[in-house]
Amino acid sequence: MPKRNLEKFDVSVIQTMHKYGFILLRISLAVVYLWFGALKVINASPVHDLIVSTYPSFPEPLFITILGVWEIIIGIGLLIKSTLRFTLLLLWLQMGGIFAGFFISPFLYFSHNLFFLTSNGEFVIKNFVLIAASIVIGGNEISVKNKN
C-alpha cells in the first residue's frame, strides 16, 4: 500500500474514532452499569459476598438491591444526555463507596501490603478505568455545552 493511501486510511480511521468514540464510551459504560446493577437486583452478582463482607452491618439483601437499583439508574442516566451531570455524581458517589472498602476491610483487598492485591483488590482497581471513562464523558459534555 503506497504511503499516501496509508495516510488517507489512517486519517479515515482516526476521524471515525473521533466521530463515534464518545458515544460508544457512554453506551458501553451504561451497559456495564445496567448489567452489574441487574445482577445485584436479581441476586446473582458475583460480588455479593464481597459486598456483604465489606459492609457487614448493612441490611442484606436490601442493601445489595439498593446498590443494584443505584447502578441501573446510573446506566440509564448515562444514556440520557440531560441527566448526565447528576448521573456522574451518582457514579462518583458509588465509586467512593467501593473504594471505602479498602479502608473498612483492607484484609479483603490486600494480601501483604498495598502492592499485593487479592483478586477482590484487582476487581476493585479496575474501577479506575470506569472513573477515567466518566471523567472523559463529563469533560466532553461540559466542553460541548460551553461551545454553544
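**Notebook: a buried salt bridge and its surroundings**

I began with Lys 40, which is buried, its relative accessible area being 7%. A reminder to myself: this is a predicted model.

Next I asked which residue forms a salt bridge with Lys 40. I found Glu 71, with the closest N and O atoms 3.0 Å apart. The pair links distant parts of the chain, since Lys 40 belongs to helix H1 (residues 3-41) and Glu 71 to helix H3, 31 residues apart.

H3 covers residues 62-79, which makes 18 residues. From its first C-alpha to its last, H3 reaches 26 Å, close to the 26 Å expected at 1.5 Å a residue. I listed its buried residues too: Phe 63, Ile 64, Gly 68, Glu 71, Ile 74, Gly 75, Gly 77 and Leu 78. A handy thought for reading such a list: an α-helix has 3.6 residues a turn, so residues three or four places apart point the same way.

My last stop was Ser 134, in helix H6 (residues 127-147). Ser 134 has a relative accessible area of 0%, so I put it down as buried. What does Ser 134 touch, not counting residues up to four places away in sequence? I noted Leu 29, Leu 88, Leu 91 and Trp 92.

Definitions and conventions. Residues numbered from 1 in each chain as written. Predicted model: local features only at pLDDT ≥ 70, side-chain atom pairs only at ≥ 80, totals over all residues. Heavy atoms only, no water. Helix = DSSP H or I, 4+ residues; strand = E, 2+ residues; numbered from the N terminus. Expected span 1.5 Å × (residues − 1). Buried < 20%, exposed > 50% of the residue type's maximum accessible area, 1.4 Å probe, protein only. Salt bridge = Lys/Arg side-chain N within 4 Å of Asp/Glu carboxyl O. Contact = heavy atoms within 4.5 Å.
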